[in-house]
Amino acid sequence: MKNLPRFDLDPRTIPQRGDAQSPKVRANQKAFQERFGDFKSCHITGFQLGPAPKGEWVGLMFNLEDGSTVKVSVPYTLWQAFGNEYVLAMMTAGELVQMAYGKPGGKA
């Protein structure tokens with residue numbers, strides 16, 4: 001990855017309030033849930049994120065319950081997609097938690 005081109009996030013693609021209700025997003029998340037399977041059996045006990053020394057990757061380390069660690073890295077070419085997927089997943093998860101556990105009327 002020598003001489004990397006400039007990478008700028010495209011603010012037009014960053015998820016906004018309400019995007020998590022998009023039928024396309026909901027369909028993508030449903031397909032993901034089916035592929036992923038049992039979420040509870042794959043939970044982590046901790047995680048860390050950090051950049052590579054020259055910034056061309058962002059690394060993620062996930063600590064598992066058995067004491068092992070899974071390491072993955074996201075290349076700079078996927079940062080925008082990674083960030084957008086993360087934001088949409090967190091927005092949807094927050095909405096689902098609120099519906100499942102929140103008090104009626106939308107107050108936690």
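Phe32, Phe36 and Phe39 come together as one aromatic cluster, where rings of Phe, Tyr and Trp (its six-membered ring) are taken to pair if their centres lie within 6.5 Å, with planes under 30 degrees apart counted as stacked, over 60 as edge-to-face and the rest as tilted. The model is a predicted one, in which local features need pLDDT of at least 70 and side-chain atom pairs count only at pLDDT 80 or more, while totals for chains, interfaces and linings use all residues. Residues are numbered from 1 along each chain as its sequence is written, and side-chain values use heavy atoms, with hydrogens and water left out.

By the ring rule there are 4 aromatic pairs. Tyrosine 76 and tryptophan 79 make an edge-to-face pair, at 6.3 Å centre to centre and with 80° between the planes. Tyrosine 76 counts as buried because its relative accessibility is 12%, whereas tryptophan 79, at 25%, counts as partly exposed; buried means under 20% relative accessible area, exposed over 50%, and partly exposed in between (1.4 Å probe, protein chains only).

Turning to the strands, which are DSSP runs (E, at least two residues) numbered from the N terminus, two of them pair if DSSP finds at least two bridges between them. S1 (residues 44-51) and S2 (residues 57-64) are antiparallel partners over 7 bridges, and leucine 49 stands opposite leucine 60 in S2. The hairpin of S1 and S2 has 5 residues between the strands, and glycine 55 in the turn has a positive phi of about 85°.

S2 also pairs with S3 (residues 69-75) in the antiparallel sense, over 7 bridges, and here leucine 60 stands opposite valine 72 in S3. In this hairpin, with 4 residues between the strands, glycine 67 takes a positive phi near 95°.
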